[in-house]
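Subject: Structure handover

Hi there,

Here is the structure we talked about handing over. Please open it alongside this note.

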Amino acid sequence: MYSALFLAVVGFALPAQSQPSPIDWTLEEFQPNVPYGGRADTIAVNPSDNRIMFVASESGGLFKTTDGGTHWSHVDTLGAYYTSAVAYVTSDILLATATDRFSVGNEGGGIWRSSDGGVTWSHIPSPSLGGPRDLRFDAREISIAPDTGDIFVATSYGVAKSSDQGASWIVRGPINFAAISVSAQSGNLVIAGSNDSRFSTKVVRSDDGGATWAATNFPVPVSFPVPVFDLHALAASPLDANTFYAYGDPDFFVSEDGGVSWSKIVPTFSRGPQDFCGGIGFVKPLATPTGLTLWLGNRCTVAKLVAPQIPGTSRFDYSGPVIQSTADHWDTRDMAFRTQGPDTGAPLLLATDGGVHRTLDGGVNWTLTGSGPNGYNALQITEVKGQWIDNLAKYDLYIAVQDNGIWASGDGGLTWPPPNAGPEGLNIEMQKHFRSPADSVVTVTACGPCTNKVGGRVFSQTYGAAFSGLHQWPDPPGPVVGHPTSIFKSFHNQGVDDTPGKFLKGFAATHDLGSSWTQYAVVPADRRDIPKLSAIRVAHRQLPVQYQAIRTGFDATRNFEIVHLVRLTMSPPSTMASVYFPAMNGFGGIGISPPDWDWHHVFGVDPKDSQHLIAPDVINGKIMESHDGGDNWSEIPGLTSLVTDAGRFRSGAGASPFNVGIFPAFPFDVGHFPFASHVSFSGDDPNSVAIGTQQNGLFVSRDRGATWIKVPNSERATAITSIDWMSPTDAFVSTLGRGLWKLTGSQVVTSVRPLCVIQSCRIKYIFKGDPSPDRFKRGIVVFEGEIMGARVEAGALRELSVTPQTSLAFVGAPVKLAIRYTNQRIGIIGIETNKTFALPSGRLLTGLALDERGGLFGALYTSGRIPLSDKSATRQDVRTADARFVLQQNRSPTLSKPYISLSATGKGMDNVEPEDPLTLTGERMPSGAVLEIVLDGSAIGKTEGDRSGFLKTIIKAPREFGPHTLIVRDANTKRTIDGASFVVRHRDAE
């Protein structure tokens, strides 16, 4: 029996009475079930109930447990996500501190207060400030005086004080002392620490409750001022009002005179295989019947020192052994203790880069708890990538997690089997489609230390890979400064620097998985990130096109580097690609996405139209688009306002005068971090485009960027780092601090009218009789695919099996279903045998009709797959161009001006560790001029170029983690000649 298609199809010219319905987008958590939960900075234990605790994660906001750490829930009522500290004032009153770099009104930064046990939170207005108004008010450590109950908070303007349980505040100074840590003692004694380069002393003290401040001689001897980078670096003795403790990397110190003078107390204990770790140093002194127990965190591990009181004195003996604990993750950050009961003071919870840990033996051993399905999901996922194994209809998913591994899933993220592929990583690369498991090739940069690796499907033969595990990738000869990019299955290219007798600076290519390499392109400018891939069709041949971010100059006013693009196009029969530097007319500079050390440059390339680019402009503060390969750019109408919520958020994090390095965990004050943090086109259907943001959620277009909508409630996914499209209406979204999320798009159609305008269609009913089509009140139709089977339980449809990349639409109302992907017809399971469907010849099963109870009502058959939109019919077409485009080449804009480069010995500049030697070279420098080298605002040396304008010198990378800026300027006029940015990252061995 022939009838009509029973819902409208989006995007087609349909009868006027039935206009197409928009796609409804939803974003929900899709957290990986892995042991790790992500960086935890501070733990607060309820003083009346050890089971209730809050954790301030580094970039995921607050989490709460009510069962001692087994299960956690995110505190959605706190309007901040870059949290630092959390503390109980009473059992009902809590305080939290945070940083906000993007809201114009600093809506999240500063101090937050709850008076109902953390159920609701209010943002405390910024207190009266005495410093420069262009430095945003941020808050860090919280300390409560044990005698008066006065509360002190370290802030970017000095130390703030409250005497009314946090209801009101005043900054008590020292004015402009950007404090990170603070500790309050009895008798109005307070000390505060900073790494502020404007102050020669890094620890200051007050003996009048913060009214006046004086310098200390921390540390002794004063060979150089040891900075205080660590949130929990300072602590007060619970037994002696004149005793303070401090951590100044890598040592621990004590003051027995109220903070005036300091001495080292403990030999540095083991930092494991890493040395420069990524945790937070802390000191936790606890009173015992015979003296003190000091729990010490050195950024790597935690240890205990028993310090008995020296008879007849108020001093303590610190000469005892340091007993190191064992934890299943390095990089310790904080520690909490029981607040009541017979075991008050016993270790309760440990915070690390890996998450939160519990102990069953008094702190000797610690094991991770609360992650994955248990709710503590603060993973900092730097990227997510997926791949279809076409003949299995399986979607493999890969994630790179800062501090916590590279993970692979062979079932679309449902399970993540161990082991993971390394402590952390970046640059996951593979083709979007492979025919069979044995064909899959995955490359990744696995760190600890960072090296390029190659593996098969899910890195395991269990999943049909040709070989198991990750193996060393055969890099091009010479220093390993780049990472492989997958162009075809066995065709990769990789950045190279000048290597005598081998390569010129640019790219090398391999067609045999690294067995042999040839020069592919010469690019004299410094590369940033890895290329993004598109394609072009010339004379019936599809050629790869890549866009690479390069540093083309330095903006001395904003104090950050200018990044533009270069385009590489395969140019057969030559083995060398044509190299074209787009004019970038109307465009200021490309910015960087949020990860602490894995900098991704934010721009998107249409995979089937290599002339179409979308990128936020960090200099002009607009979201821009080019339709001619980057030569000319224009603002996308209305999108900047939509993304920034009509100016509520800044389009980029602006540079403050002296914030670089003050908060090393938050690299958002160096100016080139755009609010729009990621741009992604669907590789199979570039009509689907998404833009992720720092704190305003996700925005989606279904017409290649012409119009946009915000995904409702998507602002819960903060600091979006990458988006991976599984189908035109399904994508995975990674975040820096809120783990993994899944984006799903579907239609809901309320009108059921005869609409058989796309494919000829037929409906077959299950029951007897021939009711009117108006009886169809509920149903499902699939686009870009077909239904291969279904499962019915208790008379209702529970599961739908569809072909890969299928999109769904619902008639009447959405139906909650499990979706499975398959290429095999499995039929309808769970209905009577006389009601099974026989597939008519030449037809596809593309819809199911449901009754009011959700039971199967009928089946829709069409003569072909139903397109998702009018543009989808041609979505597979790659833009065609003539040979002039392929042959287009020009000269690098960096060759006509002074230009500096930084390089690290034997590795790339994305793998710099503390105190690494760095080679600074310069070309076309002013002849005869004395040049000054400035690192993060401080002059570190002078040099001169030779007669040809060439200079070369060695500098040392800073100890501080995070972003840094180096400039070369004229020593006399102080005019900036050129500059570059780089990141120092910690070593990770676990």
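Below is what turned up, covering disulfides, a sheet and a cavity.

First, the ground rules. This is a predicted model, in which local features need pLDDT of at least 70 and side-chain atom pairs count only at pLDDT 80 or more, while totals for chains, interfaces and linings use all residues. Residues are numbered from 1 along each chain as its sequence is written, and side-chain values use heavy atoms, with hydrogens and water left out.

**Disulfides**

Searching the whole structure gives 2 disulfides (a disulfide being a pair of cysteine sulfur atoms within 2.5 Å). One joins C277 and C300, with 1.6 Å between their sulfur atoms. This pair links distant parts of the chain, 23 residues apart: C277 lies in the loop between β21 (263–266) and β22 (281–288), and C300 in the loop between β23 (291–298) and β24 (302–308). The link is right-handed, with 95° about the S-S bond. C277 counts as buried because its relative accessibility is 0%, and C300 counts as buried at 1% (buried means under 20% relative accessible area, exposed over 50%, partly exposed in between, with a 1.4 Å probe and protein chains only).

The other disulfide joins C447 and C450, whose sulfur atoms are 2.0 Å apart. Its link is right-handed too, at 100° about the S-S bond, and both C447 and C450 are buried.

**A sheet of four strands**

An open, antiparallel sheet is built from 4 strands in the order β47-β48-β49-β50. Strands are DSSP runs (E, at least two residues), as are helices (H or I, at least four), numbered from the N terminus; two strands pair if DSSP finds at least two bridges between them. β47 (604–605) and β50 (634–635) stand at the edges with a single partner strand each, so one side of each has no neighbour in the sheet. β48 (residues 613–617) and β49 (residues 622–626) pair over 5 bridges, and A615 stands opposite M624 in β49.

**A cavity**

There are 6 cavities of 30 Å³ or more. On a 1 Å grid over the protein atoms alone, a cavity is a set of points where a 1.4 Å probe fits but cannot get out, and lining residues have an atom within 4 Å of a point. Grid points are joined across faces, edges and corners, and a volume is the space filled by probe spheres set on the points.

The second largest cavity has a volume of about 70 Å³. Of its 13 lining residues, P616, I623, S651, F675 and A676 are the closest to its centre. β48, β49 and α1 (639–643) each supply at least two residues of that lining.

Best wishes

Key
On a 1 Å grid over the protein atoms alone, a cavity is a set of points where a 1.4 Å probe fits but cannot get out, and a pocket is an open set with protein on both sides within 12 Å along at least five of seven lines; lining residues have an atom within 4 Å of a point.
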